[in-house]
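Q: I would like to learn how to read a few features of a protein model. Please take them one at a time.

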Amino acid sequence: MARGKNQKLKLLYLAKILKEKTDEENGITMPELIKELESYGVDAERKTLYEDLRYLELFGYEVHADRVGSKTYYHLVGREFEVAELKLLVDAIQASRFITQRKSNELIRKLEGQLSENQAKVLQREVFVADRIKSMNESIYYGIDAIHTAINNNNKIQFHYFRWNVKGEPEYGHDGDYYTVSPWALTWDNQNYYLIAYDSENKELRHYRVDKMKDISVLEEEKREGAKVFKEQNKDVYTEKRFKMYNGDIRRVKLKCSNKMANVIVDQFGRKERMRPLDDESFAINVDVAISPQFFGWVLSLGSDVQIVEPAEVVDDMRTYLDEIRKMY
């Protein structure tokens, strides 16, 4: 038999064919394997293919041979990712607001490459997410990489930061000048990605929505600052006190809640704060929160089932918030 032009690549193409064409439920016969190899310019004989399959198994590929009637089907099993695991990853990508639709499609196609062609079809599905809005900032994908690089190398970063104006156009802060900060962590909150960084000018931790950051670059000559401040502020505590990551003074607040709100309270604040029964129908809990309109809006959304009891200044701020809303109607 004349040797094909890609004969030295036979094992690689054989592994590729098994990965793409077979799985636990779908196999390929020896004649089909030979035909597939021919499409890559590789000539193969049944006898040498048996030895090639053994080499693949020695390398770590798990190839099973199943006899069905007069035919033997070869399957590649035991992949790095299970189908259920990849479904979870695809769902997370689809639901992520900070990843653009184009990047979402690219990532999902790459995940499909971890499966056979038949298995990949189950990933090609629409994930329905309430109020899903995808970011329009294509650079976020590379911005996150730059942030991780800066964190790993202990460098500051600079970037432009914008918000949308009423014309639907980006409006840049700092009069269009760069922000320069020391990045310490990335966190995911309310379907958005945030950078937690130390602002040397204001000497405090601040957070920035990553999809609102553009032109991110690592300042290789400038080392990070604020290590002590960051270490003193647990990242999880920093994020859980803020509603939708809005800043505000951190206060210890006492809430009075109907018993049926216990699940809502645990979902919001976790289980570390103790719920103390007040009577048969209600309980009290003390929590640390950033006082902001978003916090007041959250309390208001729960109606008469949650009430701010202390401190008096926060109760007064809530009354002011309600008065301002009432004036609008």
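Predicted model: local features only at pLDDT ≥ 70, side-chain atom pairs only at ≥ 80, totals over all residues.

Q: Which residues make the nonpolar surface patch of about 330 Å²?
A: Residues are numbered from 1 along each chain as its sequence is written, and side-chain values use heavy atoms, with hydrogens and water left out. A patch is made of residues with over 30% relative accessible area and no salt bridge; like charges are joined within 9 Å, and nonpolar side chains (Val, Leu, Ile, Met, Phe, Trp, Tyr) within 5 Å. Areas come from the Shrake-Rupley method with a 1.4 Å probe, and for residues only the protein chains shown count as cover. Here Leu11, Tyr55 and Leu58 make the nonpolar patch.

Q: Where is leucine 11 placed, and why does leucine 11 count as partly exposed?
A: Buried means under 20% relative accessible area, exposed over 50%, and partly exposed in between. Leucine 11 sits in helix 1, and counts as partly exposed because its relative accessibility is 35%. Helices (H or I, at least four residues) and strands (E, at least two) are DSSP runs, numbered from the N terminus.

Q: Which residues gather in the patch of negative charge?
A: Asp and Glu count as negative, Lys and Arg as positive, while His and the chain ends are not counted. A charge is placed at NZ of Lys, CZ of Arg, CG of Asp or CD of Glu. On this surface the patch gathers Glu24, Glu25, Glu57 and Glu62. Glutamate 25 lies in the loop between helix 1 (10–21) and helix 2 (30–39), and counts as exposed because its relative accessibility is 69%.

Q: How many salt bridges does the structure hold?
A: A salt bridge is a side-chain nitrogen of Lys or Arg within 4 Å of a carboxyl oxygen of Asp or Glu. The structure holds 16. In one of them, glutamate 106 pairs with arginine 102, with the closest N and O atoms 2.7 Å apart. Both lie in helix 5, four residues apart, about one turn of the helix. Arg102, Lys103 and Glu106 are linked in a network.

Q: Which residues have the most contacts inside the largest nonpolar core?
A: In soluble globular proteins, nonpolar side chains tend to be buried together. A nonpolar core is a set of buried Ala, Val, Leu, Ile, Met, Phe, Trp, Tyr and Cys residues joined through side-chain atoms within 4.5 Å. The largest has 29 residues, and those with the most contacts inside it are Ile147, Ile157, Phe159, Leu195, Tyr208, Val210 and Met213. Helix 7 gives the largest share of this core, six residues.

Methods
Buried < 20%, exposed > 50% of the residue type's maximum accessible area, 1.4 Å probe, protein only.
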